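Dear colleague,

I am passing this structure on to you, and my notes on what was found in it follow below. Please read them with the structure open beside you.

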Amino acid sequence: MQARLKNPVLLIPGALQALLALDKSTETADLPYVTRKLVHLRASQINGCSVCIDMHARELKKAGEKDERVFTVSAWRETPYFTDAERAALALAEATTRLCDRPDAVPDAIWDEAARHYDEKALAALVVQIALINAFNRLNAATRQMVGAWG
C-alpha cells in the first residue's frame, strides 16, 4: 500500500499548525490526557485510520496504560477496564463519529451521561477533541497515509 498524496496538512501552509493549535487549546480544560487518547483511539478504529490507531495506541502505552485497556478499547462496553467517565466519553465519541447511524445523531442519554462526568469546559474540550480526531482520520484515510510514517 502506498499513500495517494503527501498528507494534505503538510501541503497546505498553516493547516497542520491550525489543527495542532486547536488540540492545544483544549489542554486547559479538566479533560484527562488518557481520556483524550482513548477517544482518539476509538474514533480512529471506527474510521479505519491505521495511522491514528497506531499513534494513539502507542501514546497510551507511553502514558503507562496497561495492554488490557489499549487492546480492548473497541470492546469497551464488554470489559471492566474503563471508568464510568471514560465509558461516557467513549460513547460520546462513537455517537459523534457515527452521526448518520441513527435518527438522533447524539441521543440525549449519551450526552447527559457525558455531562454527568465532565463540567462544561471539559465537555466542550471533549467535543472539540472528537471533532479533531475525526478530521485527522478523514485526512489520513482519504489519502491512504502509511502507518509509521508520522514518526
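Which residues are buried in α3? Before the answer, two remarks on the basis of these notes. This is a predicted model, in which local features need pLDDT of at least 70 and side-chain atom pairs count only at pLDDT 80 or more, whereas totals for chains, interfaces and linings use all residues. Residues are numbered from 1 along each chain as its sequence is written, and side-chain values use heavy atoms, with hydrogens and water left out.

Helix α3

The buried residues of α3 are Val 34, Thr 35, Arg 36, Lys 37, Leu 38, Val 39, His 40, Leu 41, Arg 42, Ala 43, Ser 44 and Ile 46, where buried means under 20% relative accessible area, exposed over 50% and partly exposed in between, with a 1.4 Å probe and protein chains only. Helices here are DSSP runs (H or I, at least four residues), numbered from the N terminus. Because 12 of its 15 residues are buried, α3 is largely enclosed by the rest of the structure, and the elements that cover those buried residues include α2 (15-25), α4, α5, α6 and α8. The end C-alpha atoms of α3 are 21 Å apart, which agrees with the 21 Å that its 15 residues should span at 1.5 Å a residue, the expected span being 1.5 Å times one less than the number of residues. Thr 35, which lies in α3, counts as buried at 3% relative accessibility; leaving out residues up to four places away in sequence, Thr 35 touches Glu 86, Ala 89 and Tyr 118, contact being heavy atoms within 4.5 Å. Just after α3 comes Gly 48, with a positive phi of about 65°.

Helix α4 (residues 50-62) has 13 residues and reaches 18 Å from its first C-alpha to its last, close to the 18 Å expected at 1.5 Å a residue. Its buried residues are Val 51, Cys 52, Asp 54, Met 55, His 56, Ala 57 and Leu 60, and what covers them includes α3 (33-47), α5 (67-71) and α8. The axes of α4 and α8 come within 8 Å and cross at roughly 130°, which makes α4 oblique to α8. For these values, axes are lines fitted to C-alpha atoms, for helices over the stretch in contact, and angles run from 0 to 180 degrees between N-to-C directions; angles under 35 degrees count as roughly parallel, over 145 as roughly antiparallel, 65 to 115 as roughly perpendicular and the rest as oblique. Val 51, Cys 52 and His 56 in α4 meet Ile 133, Phe 136, Asn 137 and Asn 140 in α8. After α4 comes Gly 64, whose phi is positive, near 95°.

Cysteines

How many disulfides does a search of the whole structure find? The search finds 0, a disulfide being a pair of cysteine sulfur atoms within 2.5 Å. For Cys 49, the closest cysteine sulfur is in Cys 52, at 3.5 Å, which is too far for a bond. Cys 49 counts as buried at 1% relative accessibility, and Cys 52 counts as buried at 3%.

Nonpolar cores

A nonpolar core is a set of buried Ala, Val, Leu, Ile, Met, Phe, Trp, Tyr and Cys residues joined through side-chain atoms within 4.5 Å. The largest has 14 residues, of which Leu 31, Val 39, Leu 92, Tyr 118, Leu 123, Leu 126 and Ile 130 touch the most other members. Both α6 (84-97) and α8 (120-142) supply at least two residues of this core, and α8 gives the most, with 5 residues. Leaving aside neighbours within four places in sequence, Leu 123 is in contact with Leu 92, Trp 111, Ala 114, Ala 115 and Tyr 118. Another core, of 11 residues, lies apart from the largest one and has Ala 57, Val 70, Trp 76 and Phe 82 among its members.

Trp 76 is placed in the loop between α5 and α6 and counts as buried at 5% relative accessibility. With neighbours within four places in sequence left aside, Trp 76 is in contact with Arg 42, Phe 82, Arg 87, Leu 90, Ala 91 and Glu 94. Arg 144, in the segment after α8, has a positive phi of about 55° although it is not a glycine, and Arg 144 counts as partly exposed at 36% relative accessibility. Most residues other than glycine have a negative phi.

With best regards
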